[in-house]
Amino acid sequence: MNGDATFLGMPAFPANAAVAVRDSQLRYNLRKATHTIRGKRAAAVGELPDWAELRRAGKEIKDHTLRNLERYLVRMEEAVTAAGGHVHWAADAAEANRIVADLVKATGETSVVKVKSMATQEIGLNEALELEGITAYETDLAELIVQLGDDRPSHILVPAIHRNRAEIREIFRERMADWGRAAPEDLTDDPRALAEAARLHLRERFLSTRVAISGANFMIADTGTLVVLESEGNGRMCLTLPETLISVVGIEKLLPSWQDLEVFLQLLPRSSTGERMNPYTSTWTGAVEGQEFHLVLLDNGRTNVLADEIGRQALRCIRCSACLNVCPVYERAGGHAYGSVYPGPIGAILTPQLRGTASKLDASLPYASTLCGACFDACPVAIDIPEVLVHLRGKVRHARVERLGMRAAGWVFNRPARLARAQRLGGRLRRFVPGRLPGPLSAWTDTRDIPDIPPESFRDWWDRTDGGVQ
Amino acid sequence: MTAAGSRELILSRIRSAVAGAGEVEITRAYRTSPDPVRATGLVELLAERVADYRAVVHVVDEGEAVATIAAALARRGATRLVVPEGLPPEWVPGEPVTDDPPLSAAELDGVDGVVTGCAVAIAETGTIVLDAGPGQGRRALTLVPDYHLCVVRAGQIVAGVPEAVGRLDPSRPLTWISGPSATSDIELNRVEGVHGPRALEVVVIR
Amino acid sequence: MRVALFITCVNDTLFPGTGRAVVTLLRRLGCDVEFPRAQTCCGQMHVNTGYPEEGRRLARHFVDVFAEYDAVVAPSGSCAAMVREQYPRLARTPAAAGAPAGEGPPPGSFAAEVAETVPKVYELSEFLVDVLGVTDVGAYFPHRVTYHPTCHSLRGLHLEDRPTRLLEQVRGLELVPLPGADECCGFGGTFALKNPAISAAMCADKVHNVTTTGAEVLCAADNSCLMHIGGTLVRQRAGVRIMHLAEILAATESGDDRTVRG
C-alpha cells in the first residue's frame, strides 16, 4: 500500500499498546469519550423496536451487493455518466492518487478542501498531493486538529478522540496561524469556543476554494447517487460551493437501490454518534448545480478481501465505529497502536486483509482482541469480528516457540492417558513451581499469581473414589 | 483517465473472488409504514424531536404562520434575508434578497439569514429534507447564512425514514437537516454550531 | 437420560473441586452423571490462537467421546461456547460452505456428527434451568457474593439471567451487582500472554469494580476468567475469594459438600 507513510515501520501491536496504556492522560481521554458514546448509542438503538430487523436487512443488502458487485458497479458507472459525471477506476492507492492529482492539476488550482474520508486517508492522498505541489486542507474539526497537530488519526469517526479540550486549545493557538487565519488571542478550551475558532479559520477557505475532494458513505447503483453523512456542515461546504468535486470511494460502498438507504440512514447515525439522525446528509447524482463531478472507484486490496469466504464480511463495514467505542482493548490501547487509519476491532480484521500480514505489526493485529464479542453485538451490519479474527489467526505465521508449545499441548490432549500423566507430573512438582514464571509465561506472573496446582486431578479423583461414591 | 485495463482488472478480480458464492436474499421485516399510535401525533412528534437537537420550534395554525415568522425574525434581529424562488411572498416581511441573478458565496455570507420551505419532514428523527425545489432554492442558500428558518406544513410530515425515502426523488440534490450544525469531535460531546447555520428555527403549520 | 460431565481440561487439571461440586450438585438433584474417561480438551486454545488443524483434531475427539450421551454438561461458559459456536465452523469444508442453503451436511460426515452432538452440550446453568427446570437447587451459602458474567457466557451463550436466578435462590446468599459487569476481564486465553499490558490493565479495572462491591466472593461460570481475576486479587491481597458457580450451588447447611473442598 502506498499510503499510511506515517504508520510504516511501527512495532507490533503489543509494544505500541504497552506504551499507550501507561499514558494516563490518553487513558483518561479515551475512557471518557468511549463511555460517553456507549451510553448514547445504546439509547438511540434501544429506541427502535425493529433494530434487529434493520440490522438483518443491512447485513443482507451488503452481502447481496458484494455477491453481485460487478453488475452493480457497472450500473453505477452508467448512471453517474448519464447524469453528467465522470467515472475513474483505481486498482490501487498509487493509481487513485495519480488520477486525483491529474484532475486537480487540470483545473489549474493548487489547493483543495477535503471532507473527512477514510478512503483518502487509506491511500495517503494528502501526502501524494503535496508531492505534486497541491495543498489539501482538512475541514472536519477532528481532521483539522490532527492536521494542525502533525498527528495521526486514532478513531474512525472522531480522529482526534485522543485529544482533550485543553490539548486542542494549545494546538489551535500554536498552529492555526501556519495554515491560515490564526486562533483568537483569548481562545478558551470551551468546546463552543474551539468550534467557533474552527469556523472562523475555515470560513474564507470554503468561500474561495474551487476544488473539493470527498469520500462517500454510500453509492446507489440504480440511480448513480452519492451519499455523505456529516455533522458540522463542512461536508456541505465542500460538496456545494467548489466548481469541481472529486469523490474517492471504495468499491464496497455500493448499495443496489435508492430504497436501501431507508435501512442505512437508520443504522449508521444511531450506531456512530448515537443520534437519531446526524445533522446533515447530502445526496447528489452526477453533475449538479453546474458543478463538475468525478467519481474515483477504489479497489486497493478490497477484491482480495472479497476473495476470502470468511474475511469478506469485513467489506460490509459502514465505518460507524461502534465497535471501537465498545472495545475494551481499544479503550486502553488507543487508535495509534493499530498502526492504520482503521483502528479498533474492525481495523484488526480489515488492515491485515487489505495490507497482508508480512509486517510484524499487521501480523499482530488479529491478536489485538480478547474475543469478548462486544464488537459483534454492537455492529449494525452484524460483522462477526471474533470469527474473522480467529480465521486470520489461523493464517498468520506463528513464532517457533509458540508452534512447539502448541504442538506439545496438542500431543498431550490427543490421548487421555498422556493428559493424566502430565497432570500427575504437575501434581508432584506443584511445590516447585516458582511464583514468577520464566520466559513468555512471565507475562502472566508479572501482575497475577498463578493458581495452586492441586495434588490430584479431577480424573484421578474420579478413578480413586469411583466418582465420589467411595 | 483510468489506466487502460484497471476497470477490467478490478471487474475480473471481483468475478473470480465471488465465483461459486451463493446468492443472498434480502429480508425487509423492519417497519416501513407509520406506527398507528404515532400517526395521529406526527406534528407533535416532529416538534419534540426537532427541539431535541436544540433547534427552536413553533407549532402554529395556518393563520398564525405569518405573524410567527415575523416575530421570530424580529427576535433574531434578522432584516437582510434571502428567499428562494417560489416561497410564499407573505412569509417574509420587507424587501428580501433574491437569488436572481445567483448570489456569490461572499454575498450569501453577508446576509442575516434564509427562510425556506421543505420537501419532506420526518417526525421520528426530527429531520427536514430540502430538495432544491420551489421555496427551497439551491443548496448554498441554506448553508452559508448563519440562520435558517424553515416552514413545514403538516402534509409534508411522514412518520419514519422509509416513507421519506419513498417520497424523495434521488435525481435532485437533497439536503437532510437534523438540527443546527453540530460536532461531536471534542470529547464526543455534542456542541451545536460549526460551519453550517448555527441557528435553526422551524415553524410547523398544523 | 444419560448425562455426561465435560469437565474441561482447565478444571480437570487446576480446579478439580469445581468438577466435584458439579457431581455433588447433580446427584442432589437426582441426576446421575457419568465421566467419560476418554475426554481431554475442546480445542479452544488451539483454535483461538490460530491452530485450527490441532483444534479440529480435538473437536473430532470430543464428538467421538460425547456422541452417545443425551446431554453433556460443562462447568465452563467458554468451553461450551467453543463447542457451540466454533465446532460447526471447524466442520464446515470449503465445498460445504458454497453449497445451497437448506441442505444439511452429508450423513456420516464430521459436519453431520457435529450437528448432532452440539445441541446436546449445555453450560451448567443452562442444564439446571432449561433441562432440569430448577432454580432453587437447595443450596445454602451465607455470604456476600458478586457475579461476573464472563464474555462467552454473556455474549456467546446468552446465558442471560440464568446464573443469577440460581444464585438468588441460594439461602443466606446476598447477591450484590458488579459495576461494569459486562466488560471483559482481559483474560482472552493466550491474549493474557500476547498482550500482557492491556490484559493487566483490563483486569485492574475489573478488580477495582469487584472490590467496590464489598463482596467476600467473586463468582463466575468460568474458572479461566476467575483464575485471571483471582490471580490479581491474590497479588493485590484484596481479600476477595473466587468461587465457581457450581461450588456455591453445591454448598449446603450440613456441609456435606466435602467432595467440594476435598
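This is a predicted model: local features need pLDDT of at least 70, side-chain atom pairs count only at pLDDT 80 or more; totals for chains, interfaces and linings use all residues.
Residues are numbered from 1 along each chain as its sequence is written, chains are lettered from A and ligands numbered from 1 in the order in which they are written, and side-chain values use heavy atoms, with hydrogens and water left out.

**Figure 1. Domains of chain A.** Chain A is assigned domain 1 (5-302) and domain 2 (417-465); such bounds come from an automatic or database domain assignment.

**Figure 2. The interface of chain B and chain A.** Chain B contributes 76 residues to the contact and chain A contributes 97 residues, where contact means heavy atoms within 4.5 Å. The size of an interface is often given as the accessible area lost when the parts come together. Here chain B and chain A bury about 7600 Å², with 56% of it on carbon and sulfur atoms; buried area is the accessible area (1.4 Å probe) that two parts lose on being put together, summed over both. B:Arg139, B:Leu188 and B:His195 provide 11% of the area that chain B buries against chain A, more than any other three residues.

Figure 3. In one of them, the side chain of B:Arg7 meets that of A:Glu77 at 2.7 Å, N to O. Among the elements giving two or more residues to the side of chain B that touches chain A are helix H1 (6-18), helix H3 (42-52) and strand E9 (174-177) of chain B. Helices (H or I, at least four residues) and strands (E, at least two) are DSSP runs, numbered from the N terminus. H1(B) gives the most to this side, with 10 residues. The side of chain B that touches chain A comprises 36 nonpolar, 19 polar and 21 charged residues; Ala, Val, Leu, Ile, Met, Phe, Trp, Tyr, Cys and Pro count as nonpolar, Asp, Glu, Lys and Arg as charged, and the others, Gly among them, as polar.

Figure 4. Strands of a sheet pair through backbone hydrogen bonds, either parallel or antiparallel. Strand E9 (residues 280-285) of chain A and E9(B) run antiparallel and are joined by four bridges; two strands pair if DSSP finds at least two bridges between them. Opposite A:Ser282 stands B:Thr175 in E9(B).

**Figure 5. The open sheet of chain C.** Four strands of chain C form an open sheet in the order E2-E1-E3-E4, with parallel pairing. Its edge strands, each pairing on one side only, are strand E2 (33-34) and strand E4 (121-123) of chain C. Three bridges link strand E1 (residues 3-5) and strand E3 (residues 71-74) of chain C in the parallel sense, and C:Val3 stands opposite C:Ala71 in E3(C).

**Figure 6. The two domains of chain C.** Chain C is assigned domain 1 (3-131) and domain 2 (144-261), with 23 Å between their centres, taken over C-alpha atoms. The contact involves 29 residues from domain 1 of chain C and 26 residues from domain 2 of chain C. The area buried between these domains of chain C is about 2200 Å², and carbon and sulfur atoms give 62% of it. One salt bridge is counted between the two domains of chain C.

**Figure 7. Backbone features in two loops.** Most residues other than glycine have a negative phi, and most peptide bonds are trans. B:Asp100 and B:Pro101 are joined by a cis peptide bond, with omega about 0 degrees; B:Pro101 is placed in the loop between strand E3 (97-98) and H5 of chain B. A:Asp150, although not a glycine, has a positive phi of about 45 degrees. A:Asp150 lies in the loop between helix H8 (141-148) and helix H9 (165-179) of chain A.

Conventions: A salt bridge is a side-chain nitrogen of Lys or Arg within 4 Å of a carboxyl oxygen of Asp or Glu.
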